[in-house]
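Here is a protein chain to explore together, one question at a time. Have a look at the model first, and then we will work through some of its features.

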Amino acid sequence: MDWDKLRIFHAVADAGSLTHAGETLKLSQSAVSRQIRALEEGLDSILFHRHARGLILTEQGELLFEATKAMSRTLESAAARIRDAEDEVYGELRVTTTTGFGTLFLAPRLPSLYAQYPELKIDLMLEERVLDLPMREADVAIRMKEPSQADLIRKRLMTVNMRLYASAEYLRSNGTPTTLDDLADFRLISQNITSAQVSVGAQLIRELTARPLRSSFTVNNYFGVLQAVLNHLGIGVLPDYVSEDFPELVHVLPEVASGDIPVFLAYPEELRHSRRISAFRDFVVEEIVAYRRARQS
């Protein structure tokens, strides 16, 4: 297959339109159409369904688009690593972390990183599954336990505990529990016990839900728990770092907490000298130092 035709196919598939792809590629619509037709003839397959609203990939087109996306990522990664050697922070950086940490701690702080490095392209992958860094499923990970693979550089960032929080409005309307037994008269909001989460957090939820409760609400990630708490639905089990960004939350029953959850940053040994990795690592460390100082004050 001709590389140039694949490049044009990728642009068309990404844009869903010959016209928009032509604008991106600085080619006429007819030139783009000819290249796509030639590629389809060479493959003896139809790659797009044409209709009035644009183009839709066929099953064969989807297969080829997955391949060109992988090629594009590989080329961008290679270009970024070349630029890394030129004292520039540039290109794609694939970061993986949990949904809770990614949405509640990391994402709100990213504007300061982009302000320093506007050409950085972060692909943030939020999932509980541990991606394989040596196999380059991601470039850098923030994990809620120490990585077990030996060929990773790792740095312990902080310790998190799960605690109980509620809105002031909810407490004004329903009162404030003073003992653990008082929780029976309140609505408990937590992650569903069957959802993927760190074991000590699940253990705390298991202990709390083993008690009689008047009402409960469960959701499959901590972002959902936070939104329910902020909207005065009940008392929620949340990581303690939310108290920094959401000072309106009231810490309930301070004696109730999970065990310590260590937070580690890790990346492959081969990326030790990557300026993108260094920039991201330094940014995360600085944000956590600032978070610790704010909590102490």
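Q: Let's start with one residue in this predicted model. Which residues does Phe-246 touch, not counting residues up to four places away in sequence?
A: Phe-246 sits in the loop between helix 10 (242-245) and strand 11 (249-252). Leaving out residues up to four places away in sequence, its contacts are Leu-226 and Leu-230.

Q: How far is the C-alpha atom of Phe-246 from that of Tyr-170?
A: Along the chain, Phe-246 and Tyr-170 are 76 residues apart.

Q: Which residues of helix 9 are buried?
A: Helix 9 covers residues 222-230. At its start, a side-chain oxygen of Asn-221 comes to within 3.0 Å of the backbone nitrogen of Phe-223, and the helix is followed by His-232, which has a positive phi near 70°. The buried residues of helix 9 are Tyr-222, Gly-224, Val-225, Leu-226, Ala-228 and Val-229.

Q: In the open sheet of 5 strands, which are the edge strands?
A: The strand order is 4-3-5-12-6, with mixed pairing. An edge strand pairs on one side only.

Q: How many bridges pair strand 6 with strand 12?
A: Strand 12 spans residues 261-268, and strand 6 pairs with it in the antiparallel sense. Within strand 12, Leu-265 stands opposite Lys-155, and Pro-262 stands opposite Thr-159. The number of bridges between strand 6 and strand 12 is 8.

Q: How many bridges join strand 5 to strand 12?
A: Strand 5 and strand 12 run antiparallel. Ala-141 has Ala-266 in strand 12 as its bridge partner. The count of bridges joining strand 5 to strand 12 is 3.

Q: How many residues of strand 12 are buried?
A: Side chains in a regular strand alternate between the two faces of the sheet. In strand 12, Ile-261, Val-263, Leu-265 and Tyr-267 point one way, while Pro-262, Phe-264, Ala-266 and Pro-268 point the other way, and all are buried. Strand 12 is therefore largely enclosed by the rest of the structure, and its buried residues number 8 of 8.

Q: Is Ser-274 buried or exposed?
A: Ser-274 lies in the loop between strand 12 and helix 11. Its side chain reaches the backbone nitrogen of Arg-276 at 3.3 Å. Buried means under 20% relative accessible area. Because its relative accessibility is 5%, Ser-274 counts as buried.

Q: Which residues touch the most other members of the largest nonpolar core?
A: Nonpolar side chains tend to be buried together in soluble globular proteins. The largest nonpolar core here has 58 residues, and helix 11 gives the largest share, 7 residues. The members that touch the most others are Ile-142, Leu-164 and Phe-280.

Q: Why does this core lie between domain 2 and domain 3?
A: The domain assignment gives domain 2 as 88-154 + 269-295 and domain 3 as 162-251. In all, 12 residues of domain 2 are in contact with 13 residues of domain 3. The core lies between them because residues are given to it by both domain 2 and domain 3.

Q: What separates the centres of domain 2 and domain 3?
A: Besides these two, the assignment gives domain 1 (3-82). Taken over C-alpha atoms, the separation between the centres of domain 2 and domain 3 is 28 Å.

Definitions and conventions
Residues numbered from 1 in each chain as written. Predicted model: local features only at pLDDT ≥ 70, side-chain atom pairs only at ≥ 80, totals over all residues. Heavy atoms only, no water. Buried < 20%, exposed > 50% of the residue type's maximum accessible area, 1.4 Å probe, protein only. Helix = DSSP H or I, 4+ residues; strand = E, 2+ residues; numbered from the N terminus. Polar contact = N/O pair within 3.5 Å; in protein donor to acceptor, adjacent residues only side chain to side chain. Pairing = 2+ DSSP bridges. Core = buried A, V, L, I, M, F, W, Y, C linked by side-chain atoms within 4.5 Å. Domains from an automatic or database assignment. Contact = heavy atoms within 4.5 Å.
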